[in-house]
Amino acid sequence: MRLSDLMKATSNFSKNNIIGSGRTGTMYKAVLEDGTSLMVKRLQDTQHSEKEFASEMATLGNVKHRNLVPLLGFCMAKRERLLVYKYMSNGTLHDKLHFVGDDGTSMEWPMRLKIGIGAAKGFAWLHHSCNPRIIHRNISSKCILLDADFEPKISDFGLARLMNPIDTHLSTFVNGEFGDLGYVAPEYARTLVATPKGDVYSFGVVLLELVTGERSTYVSKAPESFKGNLVEWITELSSNSKLQDAIDKSLANKGYDGELFQVLKVACNCVQLAHKERPSMFEVYQLLRAIGERYHFTTDDEILMASDLNTTDHIELIVAREVKENY
């Protein structure tokens, strides 16, 4: 796509059109002359040649799943690298969770659970079924976008490969080079290596947000003396057998308490300190899907049908069922 068309559609990348920004760049709303809305990601600090970039775009353009934001096109012009996506009219999960709507109500639990299941499905597909398999590396509630029907769509998948090789100095970790603060798996500080279990940790934090309504780095209902992040607060509550205190008060006593606690348990498994103890993303999806069974959110699965599973995944599926039965 032409730079001139994208500049016009975003009013020359006007601040008023910014949808969100993060480590990989800034996302803008773009409106074409025919009225079509798009999202344009303006990448920062990509040093790839045009040939390398075009090759990556060809790969990413073929990565398609109902829970991924569709990549429609791209633009290369001098140092500019722009990605063009389908527009998601309900913005980010982060904003929908943490900014109360005009009517003063917060998101209901069935909607939160639907989003959690759909997002887990997309991440499981990236980890287990996509070819090449993709580690996201930057999972947060800001990279989960919502379409007109509140179907979750994952953005920024595959972008880690387009960024500069990460400086291994610790300051890059502290400054959020591995993702938004509050979502980064603790082992990254030591290993500086992105892994699927690191993604699982980050997604666990998103699940904690869905259940508690709290932000990843700041807990509004914690005592003033508490200076930690959301995971540290949950860990403290858990060690004092007070996990029920974590549940968002707007969701409590509405007939969902059992589901809330089950999702909280899944989230706690995801954010375990020892990465080997965390479930795989496929297991997480299976567990959440089982918790939300009564809502019939998921259609017949296009993900991980039996013929596509390797032995490890078969074992994980059995484990997921057993864990569900023990809840």
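The model is predicted, so local features need pLDDT of at least 70 and side-chain atom pairs count only at pLDDT 80 or more, whereas totals for chains, interfaces and linings use all residues. Residues are numbered from 1 along each chain as its sequence is written, and side-chain values use heavy atoms, leaving out hydrogens and water.

Of its 327 residues, 50% count as buried. Here, buried means under 20% relative accessible area, exposed means over 50%, and partly exposed lies in between, using a 1.4 Å probe and protein chains only. Among contacts (heavy atoms within 4.5 Å) between residues at least 6 apart in sequence, 64% join residues at least 24 apart.

Five of the seven residues in E3 are buried, leaving the strand mostly covered. E3 pairs with strand E2 (residues 25-31) in the antiparallel sense over seven bridges; two strands pair if DSSP finds at least two bridges between them. Within this pairing, Met27 has Lys41 of E3 as its bridge partner. Five residues separate E2 and E3 in a hairpin, and Gly35 in the turn has a positive phi of about 95 degrees. E3 also pairs with strand E5 (residues 80-86), again antiparallel, over five bridges, and here Val40 stands opposite Val84 of E5.

Next come two helices. H9 and H10 pack at an angle of about 175 degrees, with axes 10 Å apart. Axes are lines fitted to C-alpha atoms over the stretch in contact, and angles run from 0 to 180 degrees between N-to-C directions. H9 is therefore roughly antiparallel to H10, a label for angles over 145 degrees. H9 contributes Glu259, Gln262, Val263, Val266 and Cys270 to the contact, while H10 contributes Val284, Leu287, Leu288 and Ile291.

Arg278 is found in the loop between helix H9 (257-270) and helix H10 (281-291). Is this arginine buried or exposed? Arg278 counts as buried because its relative accessibility is 3%. Its side chain makes a polar contact of 2.8 Å with that of Glu187; such a contact is a pair of N or O atoms within 3.5 Å, where, within protein, one must be able to donate a hydrogen and the other to accept it, and residues adjacent in sequence count only if both atoms are side-chain atoms. Leaving aside residues up to four places away in sequence, Arg278 touches several others, including Pro186, Tyr201 and Cys270.

Terms used. Helix = DSSP H or I, 4+ residues; strand = E, 2+ residues; numbered from the N terminus. Parallel < 35°, antiparallel > 145°, perpendicular 65-115°, else oblique.
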